[in-house]
Amino acid sequence: IPERDASPKPGRVPLATVADALEKARPALGACIDAATTREPGLWGRVALRVDVSEQGTTGDIAETESTFPDRKATACFVDVLRAIPWPEPKKGAARVVVAFRVDARAGRR
């Protein structure tokens, strides 16, 4: 996923609200991981995705900001799930949320 506009965003989304949104998306995110570990049982790594949220709460650009995760299909799946999240309207303008995933199928952790 290419890096796009890396300029800072002035808005804020409360952490508790982000946590709630991600908790609701947990089953879909887990399905991404399950599919990846089925393709590659020993899969491990981490990926951080930056989500730009508009003033209206719609998803803008999503870009990978850091990764040691080798499964591009799983990363694309994460992006699809994050794009579908109904983010809350940020306070004071557009906001940026960074979501990180760590998978270690060898240890049974995700």
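Predicted model: local features only at pLDDT ≥ 70, side-chain atom pairs only at ≥ 80, totals over all residues.

Q: Why is the pair of Phe78 and Phe101 classed as stacked?

A: Planes under 30 degrees apart count as stacked. The planes of Phe78 and Phe101 stand at 15°, with ring centres 4.2 Å apart, so this pair is stacked. The pair also connects distant parts of the chain, since Phe78 lies in helix 2 (residues 72-84) and Phe101 in strand 3 (residues 95-104), 23 residues apart.

Q: Is Phe101 buried or exposed?

A: The cut-off for buried is under 20% relative accessible area. Phe101 has 11% relative accessibility and therefore counts as buried. Phe78 is buried as well, with a relative accessible area of 0%.

Q: In which order do the three strands form the sheet?

A: A sheet is read by its strand order and by the direction of pairing. The three strands here form an open sheet in the order 2-1-3, with antiparallel pairing. Strand 2 (59-67) and strand 3 are at the edges; each has a single partner strand, so one side of each lacks a neighbour in the sheet. On average, neighbouring strands are turned by 20° against each other, direction ignored.

Q: How many bridges join strand 1 to strand 3?

A: Strand 1 (residues 44-53) and strand 3 run antiparallel and are joined by 10 bridges. Within strand 3, Phe101 is the bridge partner of Val47. Helix 2 packs on the sheet and touches strand 1, strand 2 and strand 3, its direction making about 145° with that of strand 2.

Q: Which residues have the most contacts inside the largest nonpolar core?

A: A core is read by its members and by the elements that supply them. The largest nonpolar core has 27 residues, and those with the most contacts inside it are Leu49, Phe78, Leu82, Trp87 and Phe101. Helix 1 (15-39), strand 1, helix 2 and strand 3 each give two or more residues to this core. Helix 1 provides the largest share, seven residues.

Q: With which residues is Phe78 in contact, leaving aside its neighbours within four places in sequence?

A: Apart from those neighbours, Phe78 is in contact with Leu29, Cys32, Ile33, Val47, Leu49, Phe69 and Phe101.

Technical notes
Residues numbered from 1 in each chain as written. Heavy atoms only, no water. Phe/Tyr/Trp six-rings, centres within 6.5 Å; stacked < 30°, edge-to-face > 60°. Helix = DSSP H or I, 4+ residues; strand = E, 2+ residues; numbered from the N terminus. Buried < 20%, exposed > 50% of the residue type's maximum accessible area, 1.4 Å probe, protein only. Pairing = 2+ DSSP bridges. Axes fitted to C-alpha atoms, helices over the stretch in contact; angles between N-to-C directions. Contact = heavy atoms within 4.5 Å. Core = buried A, V, L, I, M, F, W, Y, C linked by side-chain atoms within 4.5 Å.
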